[in-house]
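Please look over the sequence and the 3D structure shown here, and keep both at hand while reading the briefing that follows.

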Amino acid sequence: MNDQKSATLLQILKQHTANGIAVAFSGGTDSTFLLKILAQLQQEQFFHLEALYMHSIFQTEQELHAVQELATEFGVPLKIFSMDPIQEIPEIKNNPPDRCYFCKKNIFTKFLEYTRQKHIATLADGTNSEDLNHFRPGLRALKELSVFSPLAEAGMTKKDIRQYSAELHLPTA
């Protein structure tokens, strides 16, 4: 990880860690990579770091277990939230094309409430630069809530993240 994109990412992250950072952690390629990089940065200069995971009917127990294992391996505290999107978000029942907007808005609002209670200044997610070029209604919710997307800000593509993840021997590479 010694190129301009990785250097940019590290610089961006260092600007957001002083007052704590929480990562919306799904256990996917992007958020796993982001959490690993933050965990490494924390070894250099301590800052408050947490992983936040939303468990719902859409995730399996195996996914939950994998997230727990990764957070433990990285030495990052994991806060698990639970929700039933079908019951909690009326808009989801009709399955509209922008259903992801409503779901992300609900999830990230809960994450932000938690980070405020814990006095964690930054909530980050694993959106990458390619996500910005596709129809992703959930991105609107992230923008409205001022969620920090460092991978996208650094111009990192899914290919970049997979390459860096392989160098770090992450299972999500």
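M156 is found in the loop between α7 (150-153) and α8 (158-167), where helices (H or I, at least four residues) and strands (E, at least two) are DSSP runs numbered from the N terminus. This is a predicted model, in which local features need pLDDT of at least 70 and side-chain atom pairs count only at pLDDT 80 or more, while totals for chains, interfaces and linings use all residues. Residues are numbered from 1 along each chain as its sequence is written, and side-chain values use heavy atoms, with hydrogens and water left out.

- M156 counts as buried because its relative accessibility is 0%; buried means under 20% relative accessible area, exposed means over 50%, and partly exposed lies in between (1.4 Å probe, protein chains only).
- Leaving aside neighbours within four places in sequence, M156 is in contact (heavy atoms within 4.5 Å) with several residues, among them K5, S6, L9, F33, S129 and Y164.
- Although M156 and K5 are 151 residues apart in sequence, their C-alpha atoms are 6.6 Å apart in space.
- S129 has its place in the loop between β4 (122-124) and α6 (138-144), and S129 is buried, with a relative accessible area of 15%.
- Not counting residues up to four places away in sequence, S129 touches L151, A152, G155, M156 and T157.

**Salt bridges**

- A search of the whole structure finds 6 salt bridges, a salt bridge being a side-chain nitrogen of Lys or Arg within 4 Å of a carboxyl oxygen of Asp or Glu.
- One of them joins D160 to K5, with the closest N and O atoms 2.7 Å apart, and this pair links distant parts of the chain, since D160 is in helix α8 and K5 is in helix α1 (residues 4-14), 155 residues apart.
- Within that pair, D160 counts as buried at 13% relative accessibility, whereas K5 counts as partly exposed at 29%.
- R136 and D131 also meet through their side chains in a salt bridge (3.4 Å, N to O), in which R136 is partly exposed at 43% relative accessibility and D131 is buried at 11%.
- R140 and E144 form a salt bridge as well (3.4 Å, N to O), and because they are 4 residues apart in helix α6, they are separated by about one helical turn.
- R140 is partly exposed, with a relative accessible area of 42%, and E144 is likewise partly exposed, at 42%.
- K105 joins R140 and E144 in a network of salt bridges.

**Aromatic pairs**

- A search of the whole structure finds 5 aromatic pairs; rings of Phe, Tyr and Trp (its six-membered ring) pair if their centres lie within 6.5 Å, and planes under 30 degrees apart count as stacked, over 60 as edge-to-face and the rest as tilted.
- F81 and F111 form a tilted pair, at 5.0 Å centre to centre with 55° between the planes, and the pair links distant parts of the chain, with F81 in strand β3 (residues 78-82) and F111 in helix α5 (residues 99-117), 30 residues apart.
- F81 is buried, with a relative accessible area of 13%, and F111 is buried too, with 2%.
- The rings of F108 and F111 have their centres 5.6 Å apart and their planes at 70°, so this pair is edge-to-face.
- Both F108 and F111 lie in helix α5, 3 residues apart, which is about one turn of the helix.
- Ring pairs link F81, F108, F111 and Y114 into a cluster.

- α5 has 19 residues and reaches 28 Å from its first C-alpha to its last, close to the 27 Å expected at 1.5 Å a residue, the expected span being 1.5 Å times one less than the number of residues.
- The buried residues of α5 include Y101, C103, N106, I107 and L112, and what covers the buried residues of α5 includes β1 (21-24), β2 (49-55), β3, α4, β4 and α6.
- α5 is followed by H119, whose phi is positive, near 60°.
- The 16 residues of helix α2 (residues 29-44) should span 22 Å at 1.5 Å a residue, and the end C-alpha atoms of α2 are 23 Å apart, which agrees.
- α2 is mostly covered, since 13 of its 16 residues are buried.
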